[in-house]
Amino acid sequence: MKTITCSNRIYYSELSSEEANALHQDIQLYHAMMHTAYHLLCLKSQGIPFHTNDYFPLSAIQEAKQHLSNDFANHENQKKVLKAQCKAIEKKIKEVEINIRKIDRQLKELFRKTKQGKQTEADYLLEVQQLRPERKRFKNRRSHLIYGLNRRKQKLEALQRKMKFTCFGGKKLARARTTVYAGQHETWLKAYQSARNRTMMIQGRRQGKFSNNLFKYHIEEGVLIYRCSSEKREIPLKIEFHQHKEELERAVRLPHNTPGKAVAYVLEDHGDYFIIKAIVEMEEKAKSEDTEQGVIGIDINVNHIAVSETDGCGNCVLLKTVKMPLDGKTSEQRKHQIGQTVMEIVLECVRSHKPLVMEDLDFQKTKSKMRYGNRRQNKMLSDFATRKIEEAIVRRCWKEGYGVKKVNPANTSKIGKEKYSKRMGCTVHMAAAYVIARRGMGME
């Protein structure tokens, strides 16, 4: 697993004009190479016209390949979501048609009674005030569903004909040329190029003293020397890395050609200043995955995580709830809150020296049916950042040296409610966490 350490801000005004221009030229050159390589890969070309072993274009080509790989993954995911939505709409259309046929039978029966002269006032009011308005409502509903189904089928056909590729700089800013920036082409072009050429990532190499061919980090002096490609010069940068700095220093000090020595550097341009991030392969730790002495089981919910601890016999030792309020917060605030919650949970693993067991959650299919759920449930599913929570848990457990086991989530809440909740005097979510822990030990 890799980690990232960020540097302090390095202002362009603190460098000489030649050095600042050299950095800008290198970023633009890098993105020109990366964009060219990306488009050539999209056209399925057999070779890249950079017949060189130079490190700079190879890093751009590597990033272009990653962009294209992400495009293919997103393309398949979009098709999967659209197919699930079409299936859900078709099911809903069948339900609506059943209701229409049911009302038609009732209306036919009332019409027969009318012809026989047996219709009462209650029958008349039932037909006029309830059945016919309800039939009209169901028919309108069916029309809207058919329209939505056809729209999704058209989108699916378009995706099957042609794949959507990456828009460097962002689609929103690209469209803004004729809307927000109408008549301000120079202003738009400056903003678009700034967003398009914002970062530059140089891949690491484990061959060599400094773990990278273009960035040379001198640990004792606290200086990072950058070798320009556009101009034959070296730029010394007085730099200070922050979190995970020790991982970077460990990797740079490793012997030549040692696995995990390569360090990739990302230069992020923020206008007046830039930040350099170092991506380092973290040192592998021995994982504690033995479940014989018990486990820590967790049940992930929208605003909290239920935690349960078991002993070697599967008996409950601990039940608790860790709050995770995410409603009404920004993405950065949610990220911070998830990190704090996960840290508190993993501390239980550290305290008890037991691995963690969690559900293997996938809400992709459920989210495809959000159109037909109630508003509260739809909002809950939208706010439920399961993937971020899972990634944070796996990452934190990896750092602390504890394994994570994923189990089938089927019926955990139901079993917990029926078997353990009342008997143990706990909530359904705590009981579900206990079921998950026992399932991880092979006892459920």
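Helix α7 supplies eight residues to the lining of the largest pocket, the largest share of that lining. Helices (H or I, at least four residues) and strands (E, at least two) are DSSP runs here, numbered from the N terminus.

Before going on, the sources. This is a predicted model, where local features need pLDDT of at least 70, side-chain atom pairs count only at pLDDT 80 or more, and totals for chains, interfaces and linings use all residues. Residues are numbered from 1 along each chain as its sequence is written, and side-chain values use heavy atoms, with hydrogens and water left out.

Back to the pocket. Its volume is about 980 Å³. A pocket is an open set of points on a 1 Å grid over the protein atoms alone, where a 1.4 Å probe fits, with protein on both sides within 12 Å along at least five of seven lines; lining residues have an atom within 4 Å of a point. Grid points are joined across faces, edges and corners, and the volume is the space filled by probe spheres set on the points. Of the 23 lining residues, K335, G339, A392, R395 and K399 are the closest to the centre of the largest pocket. Two or more lining residues come from each of β1 (2–6), β8 (273–281), α7 (331–352) and α10 (386–400). By class, the lining has nine charged, eight nonpolar and six polar residues, counting Asp, Glu, Lys and Arg as charged, Ala, Val, Leu, Ile, Met, Phe, Trp, Tyr, Cys and Pro as nonpolar, and the others, Gly among them, as polar.

Now the rings. There are seven aromatic pairs in the structure, meaning Phe, Tyr or Trp (six-membered ring) with centres within 6.5 Å; planes under 30 degrees apart are stacked, over 60 edge-to-face, and the rest tilted. One of them is F215 with Y226, tilted, at 4.9 Å centre to centre and 40° between the planes. F215 sits in strand β4 (residues 215–218) and Y226 in strand β5 (residues 223–227), so this pair ties together parts 11 residues apart in sequence. F215 is buried at 1% relative accessibility, and Y226 is buried at 0%; buried means under 20% relative accessible area, with a 1.4 Å probe and protein chains only. Ring pairs join F215, Y226 and Y265 into a cluster.

Last, overall dimensions. The protein has 12 helices and 13 strands. Its C-alpha atoms fill a box of roughly 100 × 70 × 40 Å along the principal axes.

Methods:
Buried means under 20% relative accessible area, exposed over 50%, partly exposed in between (1.4 Å probe, protein chains only).
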